[in-house]
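Have the viewer open as you read.

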Amino acid sequence: MQEKDIIKVLDEINNYLSTQLWMDFEIIEYSCTTLRIMGSLDISASPVMELILSDVFFVSAPFNWKTDTSRTVISLVSGDEARIINVKYRVEMGYYIIKMKPEDYPEEFGCLFAAKKIRFNLL
């Protein structure tokens with residue numbers, strides 16, 4: 001995927017999330033460099049959305065978290081922040097660093113994912 005394609009998918013995700021009162025996320029599967037994250041209004045309820053990250057390089061996140069959908073939830077990391085993460089995790093070229101902002105964590109905390117592709121599906 002090109003950077004513009006990643007940004008387009010992240011915008012679609014944020015647009016959808018902005019219509020929801022909140023969203024809880026859970027990492028449900030990692031297999032063959034593919035990571036699946038499900039989103040629901042409650043972890044015990046049926047999921048309403050799915051994020052699929054392909055060719056994953058690294059993940060730094062709790063297994064489940066909740067988000068405040070009145071704010072931007074997911075973004076592409078760039079600039080100095082990306083450089084710091086690249087150095088810390090030795091991210092190889094060609095990977096995009098995606099950050100999700102969980103609720104009830106310090107402001108500087110973020111769920112970090114380095115991947116080459118991301119898809120978004122409504123269930």
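Which strands does α1 lie across, and at what angle does the helix run to β7? The helix lies across β1, β3, β5, β6 and β7, and its angle to β7 is about 65°. Keep in mind that this is a predicted model.

## The sheet

Start with the strands. There are 7 of them in an open sheet, and the order to trace on screen is β4-β1-β2-β3-β7-β6-β5, with antiparallel pairing. The edges belong to β4 and β5 (74-76); each has a single partner strand, so one side of each has no neighbour in the sheet. On average, neighbouring strands are turned by 35° against each other, if you ignore direction.

As background, strands of a sheet pair through backbone hydrogen bonds, either parallel or antiparallel.

## β1 and its two neighbours

On one pairing, 7 bridges join β1 to β2, and the two run antiparallel. On the other, β1 is joined to β4 (residues 64-67) by 4 bridges, again antiparallel.

Asp24 shows up in both pairings. Its opposite number in β2 is Ser40, while in β4 its bridge partner is Lys66.

## The hairpin turn

β1 and β2 form a hairpin, with 2 residues between the strands. Cys32, in the turn, has a positive phi of about 50°. Thr33 lies in the loop between β1 and β2 (34-40), and its phi is positive too, near 65°. That's worth a second look because most residues other than glycine have a negative phi. At 36% relative accessibility, Thr33 counts as partly exposed.

## Over at β6 and β7

Further along the sheet, β6 and β7 run antiparallel and are joined by 5 bridges.

The loop between β6 (96-100) and β7 (111-122) holds Asp104. Its phi is near 65°, a positive value in a residue other than glycine. Asp104 is exposed, since its relative accessible area is 59%, which puts it over the 50% cut-off.

## Salt bridges

Now for the charges. Side chains of opposite charge can pair when their charged atoms come close. How many salt bridges does the model have? The count comes to 8.

Take Glu50 and Arg36, whose side chains meet at 2.8 Å, N to O. Glu50 sits in β3 (residues 49-60) and Arg36 in β2, so this pair ties together parts 14 residues apart in sequence. Buried or exposed: which is Glu50? Glu50 is buried, at 9% relative accessible area, whereas Arg36 is partly exposed at 23%.

Lys66 is in β4 and Asp104 in the loop between β6 and β7, so the link ties together parts 38 residues apart in sequence. Lys66 counts as partly exposed, with 39% relative accessibility.

Then there's Lys99 with Glu81, at 2.6 Å, N to O. This pair links distant parts of the chain: Lys99 is in β6 and Glu81 in helix α2 (residues 79-89), 18 residues apart. Lys99 is buried, with a relative accessible area of 10%, while Glu81 is partly exposed at 35%. Shared partners also join Glu29, Arg36 and Glu50 into one salt-bridge network.

## A nonpolar patch

Finally, turn to the surface. Which residues form a nonpolar patch there? They are Leu21, Trp22 and Leu41, with about 330 Å² of accessible area together.

Trp22 is in the loop between α1 (3-17) and β1 (23-31). Its relative accessibility is 39%, so Trp22 counts as partly exposed.

Methods. Residues are numbered from 1 along each chain as its sequence is written. This is a predicted model: local features need pLDDT of at least 70, side-chain atom pairs count only at pLDDT 80 or more; totals for chains, interfaces and linings use all residues. Side-chain values use heavy atoms; hydrogens and water are left out. Patches are made of residues with over 30% relative accessible area and no salt bridge: like charges are joined within 9 Å, nonpolar side chains (Val, Leu, Ile, Met, Phe, Trp, Tyr) within 5 Å. Accessible areas come from the Shrake-Rupley method with a 1.4 Å probe; for residues, only the protein chains shown count as cover. A salt bridge is a side-chain nitrogen of Lys or Arg within 4 Å of a carboxyl oxygen of Asp or Glu. Buried means under 20% relative accessible area, exposed over 50%, partly exposed in between (1.4 Å probe, protein chains only). Two strands pair if DSSP finds at least two bridges between them. Axes are lines fitted to C-alpha atoms, for helices over the stretch in contact, and angles run from 0 to 180 degrees between N-to-C directions. Contact means heavy atoms within 4.5 Å.
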